[in-house]
Amino acid sequence: MTAIGLTVNARFVKASVEPRTHLADFLRDNLDLTGTHLGCEHGVCGACTLLIDDMPARSCITYAVACDGARVTTIEGLDDDEIAAELRAAFAREHALQCGYCTPGMLISARDLVLRLAEPDERSVRAGLNGNLCRCTGYVGIVRAVRTVVDQRRRRGIAPIENGGRQALGPVGSGKAKNIATADLAGGPATRAEIPDGVSNASAIPDFVRAKVFSGHFTVPYPPGRVFEMLGDIRQVAACLPGATLTGAPTPERVEGAIRVKLGPISADFRGAARVTRDLENLSGRIVGLGSDRRSRSSTQGEIRYHLVPTEQGAATRVELSIGYSLKGMLAQIARDGLVRDLAARLTADFARNLDRHLSGDRLAEAAERPADLNGLSLLIGLLRGRAMKAIRRLLGR
Ligand code: FES
Ligand code: FES
């Protein structure tokens, strides 16, 4: 059990919790705050949305222990809140709820929009609510209710508040430190100075609990020693990875860079840093990184472990990969397991092909074919083509 202290709805609470307890369970089971609803418990439906340090967050994917020192506001804490009161009235007026299961989370997200939106623009409202699912009402009434409140407040001369008035946000739940996401909210690309405090050197990039893990492998027709040497050259590794660029001079232990992805409707340009460790004796290595994307307000931590296995009497190398990551923010809402898995598989295949070319010295051909970034459309087409082929094979019984 871990002792924590946090402020919930303006009341300081001390508790002892299991490290695995998520915030929603803690609030519902320990504090009887059952207004926070649980739907998917995977960070997808938005039913459990509440405010952590004034920022909407999914309480089902936030550990209670991560909220030590944080300020948490649930729907119960908004009883006397002016905007929440206006939204409740508008939801009733516009028939924006039926069973009401999604409503607490919907109201928290809607309140954040009302604070920030300059105009009651339908598209912005829909985009802002796209992380909250409603299974029974549909969205027309909900969107109308939110637009009405924004409109009425702006007509009354109440100006929007940039970033919802947030000054300094910690990593969700910490309530303590300025982090990449904060810097991103303030605008401008992440730079070295925006990397979280304490992450100014390689060893300070923290380990993390890998929320998703999957593995892959590929084989290249070169001896393990040569492949290991190549994987130690960060510049060459980055050159083999579609969409990746270095943003600083790498050292053997640390690299700063960016990778551009486009997944469905969301483009993301993740910038961050990684620490690199290698084990010559076991022909293995590990890269642990963290990064964030300003536009999609998503952040990620990831880890790649590789192990080189000699094959064909040492003439070829099987590269075994284990990839783990955790993802927060808008991208987490659309990045279904299957999609990320397919994406990683294609990324691995592209990387293997480029690595092969680098090792063979065929860089001209690679440069001509290498896409400028990790193009979402080409990836998506590739993924769809792959899935269509699988479906056809299944239909044909092959
Ligand atoms: S229950 Fe948390 S997002 Fe669905
Ligand atoms: S009102 Fe029932 S899920 Fe939204």
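Author: Happy to! Let's begin with a definition: two strands pair if DSSP finds at least two bridges between them. Keep in mind that this is a predicted model.

Reader: What order do the strands of the open sheet have?

Author: The order is E2-E1-E5-E3-E4, five strands in all, and the pairing is mixed. At the edges you find E2 (11-17) and E4 (55-58), each pairing on one side only. On average, neighbouring strands are turned by 40° against each other, ignoring direction.

Reader: Nice. Which strands does helix H3 touch?

Author: H3, residues 103-116, packs on the sheet and touches E3, E4 and E5. The direction of H3 makes about 50° with that of E3.

Reader: Switching topic: which residues touch the most other members in the largest nonpolar core?

Author: Leu87, Phe91, Leu129 and Val146 do, in a core of 27 residues. Helices H2 (82-93), H3 and H5 (140-155) each supply at least two residues of this core. H3 gives the largest share, with seven residues.

Reader: I'm curious about Phe91. What does Phe91 touch?

Author: Leaving out residues up to four places away in sequence, Phe91 touches Ala96, Leu97, Thr103, Met106, Leu107, Ile142, Ala145 and Val146.

Reader: Thanks, that helps!

Methods:
Residues are numbered from 1 along each chain as its sequence is written. Chains are lettered from A and ligands numbered from 1 in the order in which they are written. This is a predicted model: local features need pLDDT of at least 70, side-chain atom pairs count only at pLDDT 80 or more; totals for chains, interfaces and linings use all residues. Side-chain values use heavy atoms; hydrogens and water are left out. Helices (H or I, at least four residues) and strands (E, at least two) are DSSP runs, numbered from the N terminus. Axes are lines fitted to C-alpha atoms, for helices over the stretch in contact, and angles run from 0 to 180 degrees between N-to-C directions. Contact means heavy atoms within 4.5 Å. A nonpolar core is a set of buried Ala, Val, Leu, Ile, Met, Phe, Trp, Tyr and Cys residues joined through side-chain atoms within 4.5 Å. Buried means under 20% relative accessible area, exposed over 50%, partly exposed in between (1.4 Å probe, protein chains only).
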